[in-house]
Amino acid sequence: MAFEGSNLLPSPTSFPQGVLPASVEDSLSVAASAFTVPFAVPAVTFLAVIGAAVGRTRGLEIKPSWITHPNLYWGLVARSGMGKSPCSNAILKPIHEQENAAFKEHKRELEAYELELSVLVPT
């Protein structure tokens, strides 16, 4: 294990390439290049997005009535200013936009429901 500059942090291992579909790896390589970050930054962010998208839709039945669902915990650890956040935020931006739009729509529908309810059932 080689240490760079500081005796506190070991050099990171590289993310294994060739384990994701080629089209995905191509897109992640473009992101890594565009943000001048290691391939691991967009790759780990992508895996977190996929893990969240799958959520509890899949599980492993250990025995009858005992289903275990996968959990994916992730973290990007590197020196400050390396570009982790801008790259991850760019990947997460479309998801955040959809989530915000869905929340605003829910809020509008809830306000309409509450207004309709107040007319039907006066307080």
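Modeller: A polar contact is a pair of N or O atoms within 3.5 Å, one able to donate a hydrogen and the other to accept it. Please bear in mind that the model is predicted.

Colleague: What makes the pair formed by the backbone oxygen of Val-41 and the side chain of Thr-45 a polar contact?

Modeller: The backbone oxygen of Val-41 lies 2.9 Å from a polar atom of the Thr-45 side chain. The limit is 3.5 Å, so the pair counts as a polar contact.

Colleague: Why is Thr-45 called buried?

Modeller: Its relative accessible area is 0%, and buried means under 20%, so Thr-45 is buried. Thr-45 lies in helix H2 and touches Trp-74, Leu-76, Ser-88, Ile-91 and Leu-92, leaving aside residues up to four places away in sequence.

Colleague: Which other residues of H2 are buried, and what covers them?

Modeller: Val-41, Pro-42, Ala-43, Val-44, Ala-48 and Val-49 are buried in H2, among others. The cover over the buried residues of H2 includes H1 and H3.

Colleague: How do you know that the span of H2 is close to the expected one?

Modeller: H2 has 15 residues, and its first and last C-alpha atoms are 21 Å apart. At 1.5 Å a residue, 21 Å is also the expected value.

Colleague: What confidence does the predictor assign?

Modeller: The protein averages a pLDDT of 89, with 91% of the residues scoring at least 70. Helix H2 (residues 40–54) has the lowest confidence, at a mean of 92, whereas H1 has the highest, at 96.

Colleague: What is found just after H2?

Modeller: Gly-55 follows there, with a positive phi of about 50 degrees. Gly-55 is in the loop between H2 and strand E1 (60–63).

Colleague: Why is Gly-55 called partly exposed?

Modeller: The relative accessible area of Gly-55 is 26%. That value falls between the limits of 20% and 50%, so Gly-55 is partly exposed.

Colleague: How many salt bridges are there, and what makes Lys-93 and Glu-97 one of them?

Modeller: The structure holds 2 salt bridges. In the pair Lys-93 and Glu-97, the closest N and O atoms are 3.8 Å apart; the criterion is within 4 Å, so the pair qualifies. The two residues are 4 apart in helix H3 (residues 84–120), hence separated by about one helical turn. Glu-97 is partly exposed at 47% relative accessible area.

Colleague: What makes Glu-105 and Arg-108 a salt bridge?

Modeller: Their closest N and O atoms are 2.7 Å apart, and since the limit is 4 Å, the pair is a salt bridge. Being 3 residues apart in helix H3, they too are separated by about one helical turn. Glu-105 is partly exposed at 34%, as is Arg-108 at 48%.

Colleague: How do you know that Glu-25 has no salt bridge?

Modeller: The nearest side chain of opposite charge, Arg-58, is 21 Å away. A salt bridge requires a distance within 4 Å, so Glu-25 has none, although Glu-25 is buried.

Colleague: Which backbone atoms does the side chain of Glu-25 reach instead?

Modeller: From helix H1 (residues 22–34), where Glu-25 is found, its side chain reaches the backbone nitrogen of Gly-18 at 2.7 Å and that of Leu-20 at 3.2 Å.

Terms used:
Residues are numbered from 1 along each chain as its sequence is written. This is a predicted model: local features need pLDDT of at least 70, side-chain atom pairs count only at pLDDT 80 or more; totals for chains, interfaces and linings use all residues. Side-chain values use heavy atoms; hydrogens and water are left out. Buried means under 20% relative accessible area, exposed over 50%, partly exposed in between (1.4 Å probe, protein chains only). Lys and Arg count as positive and Asp and Glu as negative; His and the chain ends are not counted. pLDDT is the predictor's confidence in each residue, from 0 to 100. The expected span of a helix is 1.5 Å times one less than its number of residues. Contact means heavy atoms within 4.5 Å.
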